[in-house]
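Please look over the sequence and the structure before reading on.

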Amino acid sequence: MPVDAEKEISRLWRGLHGAQDSTIKTFYQWRKAAIGLVPDANPSEIALKGWEAMAQDMGKLFLPRLSFSKGEEAFLKQVAGLYVNTWQGYGAVVKVEPGTSPMEVFIKWERCPWPAFAKDFNAPLKEDVAGCDLVLQITIDMVNAFMNTNFKIETQKAIPRGEGICLRRLYKP
Amino acid sequence: MGELFKWDYTDYPGYKKYPHLFKPIQIGKLTIPNRIKYAATEDNLNDKDGFITDADVSYMRERAKGVVGGIACMQGVYMDKKRHGQGYVGQAACWDDKYIPGLKRIADAIKEEGAISASQLMHCGRVGAVEVEYCQGPSPVPQRLRIFRPVEVMSKDDIKRCIDEHIEAADRLCQAGFEIIEISGIVGYLISNFISSYTNRRTDEYGGDIRGRMKMVMETIQGVKKVIGDRPLGIRLCSDELLDDVRGNTPEESMITYQMAEEAGADYMSVTAGWQEAIYPVISRDIPQGSWLFLAKRAKEHIKIPVQMAYRLFDPAIPNKAIGDGILDIWEMCRPMIADPHLPKKVLEGREDEIRPCVACNVCLARLFRDAPMTCYINPVCAHDHDPKFHITPAETMKKVMIVGAGAAGLECAWVAAERGHEVHVYDKLREVGGTLLEARKAPYGDEELYYQINFAKVKSDKAGVQFHLETEVTTDLVDEEMPDTVVLAVGPKYIKGIAPGFDRANVVGVLDVLAGKAAVGDNVVVWGNKKPGVGVALFLAKQKKKVTIVGKNKDFAIDINPSFRWRYNAYLRQNGVTVYNDCDIAEITDNGVTVMTYDGYMIPVKADTVVCTERAPNQDLKNAIKELGVEIFEIGDMVIPRNLSSAVHDGYKVGLRI
């Protein structure tokens, strides 16, 4: 039973993208259903509650993976790495780039599937930016509470705003 | 000492062999006849409202018998009506006088067995609140593990109330008759939460530097001391939290906590290591015995009060030497006396070979975290001490019993049946007893300790008069010839091969042959099976620098290993570069490798010189052959359904009682 490696990788690649699409679609399907159930509510407020729940779960996933053993600089990069891994799971092309000081890094999304799905489901793109910002804020707050750090994260560029990339600065003030 | 006590150990063999364990010691104003303590352990045996049950009284009575005049400490009690301090569903409560009669039953049982009764105050802090929505802590630091409740920050009033609750509960424990009071401040419980820089971020007087973080502890010790009279007050504190990855206390800070506790009035220190949230193994069998004694030594260098310690001190020779060397004062035990409640008594009486050995699997503790009553992997009577159905009593009718298989199940059944008066014959085709454990003990990370159960059961069998017929294959003719009243089949599982093409090749070998060193194994190995035998042999081979891949049909890896131990195996597999494909099977084996098929049909080529089969199946061959003889047949152990050592021992014990 010889294995056709190209065929296997191709099937896996398609399967992975299908799963990534389903994850994001499920969020927007849930959003549509929730808005339908509460027609008088502000749709963005509903969506942000969803993002909040996602963020809290994401933060809980982060905590067991955190270690301060190698010091604060390594820890900052570790946190950035967790964000990268998470968004890679969604199918984004994202990486960490060094900042101007040891206690600063930039997380750069060169491509992200979330805005495209927002458009498909007629969700406002500004809600997409707000949702991402909320997730990053809640998770960094959880990390700070857990490890007694005071890291900040701020959005400098955003794909949904037409700026080509998403760029977030993660740093210690 | 100035006081004569009834315990004179000098004529016992254990005293001569381990003199340091059986000499008295002064704790506060109390003289302890020996250096042995059953350390407080939750057992989830009490009722849902914290009232003491018969099961818990019997459990403690047996451990009290075991310490032969030493200290028997009951489990920690929670002290608040709101149950924030409750960390276990069956934890004893002490927040009201209504609990005193039940607690008195425990104190009385301990004293009736000649032991010194101790009790413990235990607010479980950030790992507590099992029955309520929020737990309490000094600061809102989330736990690393999801199973715990969100943390509610304690106000200063909450702290004052909590200290008062400790004091009131201590008073009740004294009324119940306990002679020693202990405060628990370990593994993530409230006291340790206040002490640790990881969990205490307060900026008021109860936080800040280590002295500030100790304020709550100091006030608790001083308050409790005022109400307990001359009774000694002990405290359990971490010598090393093992929380360096989350910025926990330094060892130097921990030693300051020891000195401050002593200054506040603590009469002894119980030294511990690690939190539940720590990422390092501490007490499982992969940690060599005696590894943590350096912490006791460090404590002795910093404080003058007696130092006690448990933590992988199973062999009495280790604490005996440590006490003799002056680095330890009292030998504490939890799990070894869960496995054998009479362990120290057997040591004293020169019956060490009859000690049922704890295998440090932590299933006892794992069950507590999952709201289940205490049990023991290898002691079927544990937590059934109150139930006559679990006790060995003489058989009504003496029978000739043929046990086929001298593995863990067969041996356990043999000694129990023989002690009940049956004529027991054990047969095995091998020259040695031990069955599968002869090979399984070769796996790394402490698995050699699994074989101690075989040594125990063999000694018990010999002393009970069991007759062994080794190197003897049991056939229908032999059964017919011997004419037993009962046959107990304990023949172990069948080791099977898969049905995919290539399983008949010469490079496919069995797990037992590999562990026994009888099979040639190449540099690239695929292990077929992702349960314990697969994990054990994978690590055995990875330690020989081979590239190992596990391919297993079970969706979850190591499903037959308890979760409190499984995470360690995951870590060791990662450290040793072992790749694991769960929910997969082998589709084909060739000279060069294996084609792995995922559950959903993907194919993965894996390079392999050798395939090791570890999958097992029930083994009914002999049963099918002899059932026509009309003899009474019992089946035990892995021949019924392949499981683990625990199931083998429990099966053997229960059938031994039934024959």
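Chain A and chain B bury an area of about 1900 Å² between them, and carbon and sulfur atoms give 55% of it. The model is predicted. The size of an interface is often given as the accessible area lost when the parts come together.

**The interface**

The contact draws on 23 residues from chain A and 21 residues from chain B. The count between the two chains is one salt bridge. It joins Asp57(A) to Arg146(B), with the closest N and O atoms 3.0 Å apart. Across the interface of chain A and chain B there are 10 residue pairs in polar contact, both residues being at pLDDT 80 or more.

Which helices of chain A each supply at least two residues of the side that touches chain B? They are helix H1 (5-37), helix H2 (43-62) and helix H5 (125-147). H5(A) gives the largest share of that side, with five residues. By class, the side of chain A that touches chain B has 13 nonpolar, six polar and four charged residues.

**Salt bridges within the chains**

Side chains of opposite charge can pair when their charged atoms come close. Over all chains, the structure holds 60 salt bridges.

| Salt bridge | Closest N and O atoms |
|---|---|
| Asp57(A) with Arg146(B) | 3.0 Å |
| Arg11(A) with Glu8(A) | 3.7 Å |
| Lys37(B) with Glu182(B) | 2.4 Å |
| Asp54(B) with Arg105(B) | 2.8 Å |

Take the pair in chain A. Arg11(A) and Glu8(A) are three residues apart in helix H1 of chain A, so about one helical turn separates them. Arg11(A) is partly exposed, with a relative accessible area of 26%. Glu8(A) is buried, at 8%.

Asp54(B) and Arg105(B) form a salt bridge between two helices. Asp54(B) lies in helix H2 (residues 54-66) of chain B and Arg105(B) in helix H3 (residues 100-112) of chain B, so the pair ties together parts that are 51 residues apart in sequence. Asp54(B) is partly exposed, at 48% relative accessibility. Arg105(B) also counts as partly exposed, at 37%.

Chain B also has a network of salt bridges. It links Lys345(B), Glu349(B), Arg351(B), Asp353(B), Glu354(B), Glu419(B), Lys460(B) and Lys463(B).

**Around Glu182(B)**

Is Glu182(B) buried or exposed? Glu182(B) is buried, because its relative accessible area is 0%. This residue lies in strand S8 (residues 180-185) of chain B. Its salt bridge with Lys37(B) has the closest N and O atoms 2.4 Å apart. Lys37(B) lies in strand S3 (residues 36-38) of chain B and Glu182(B) in strand S8 of chain B, so the pair ties together parts that are 145 residues apart in sequence. Lys37(B) is buried, as is Glu182(B).

The side chain of Glu182(B) also makes a polar contact of 2.4 Å with the side chain of Tyr268(B). Leaving aside neighbours within four places in sequence, the residues in contact with Glu182(B) include Cys73(B), Ser119(B), Gln120(B), Leu233(B) and Arg236(B).

**A strand pair in chain B**

Strand S19 (residues 524-528) of chain B runs parallel to S20(B), and five bridges join the two. In S20(B), Ile550(B) is the bridge partner of Val527(B). Strand S20 (residues 547-551) of chain B is mostly covered, with four of its five residues buried.

Definitions and conventions:
Residues are numbered from 1 along each chain as its sequence is written. Chains are lettered from A and ligands numbered from 1 in the order in which they are written. This is a predicted model: local features need pLDDT of at least 70, side-chain atom pairs count only at pLDDT 80 or more; totals for chains, interfaces and linings use all residues. Side-chain values use heavy atoms; hydrogens and water are left out. Contact means heavy atoms within 4.5 Å. Buried area is the accessible area (1.4 Å probe) that two parts lose on being put together, summed over both. A salt bridge is a side-chain nitrogen of Lys or Arg within 4 Å of a carboxyl oxygen of Asp or Glu. A polar contact is a pair of N or O atoms within 3.5 Å; within protein, one must be able to donate a hydrogen and the other to accept it, and residues adjacent in sequence count only if both atoms are side-chain atoms. Ala, Val, Leu, Ile, Met, Phe, Trp, Tyr, Cys and Pro count as nonpolar, Asp, Glu, Lys and Arg as charged, and the others, Gly among them, as polar. Buried means under 20% relative accessible area, exposed over 50%, partly exposed in between (1.4 Å probe, protein chains only). Two strands pair if DSSP finds at least two bridges between them.
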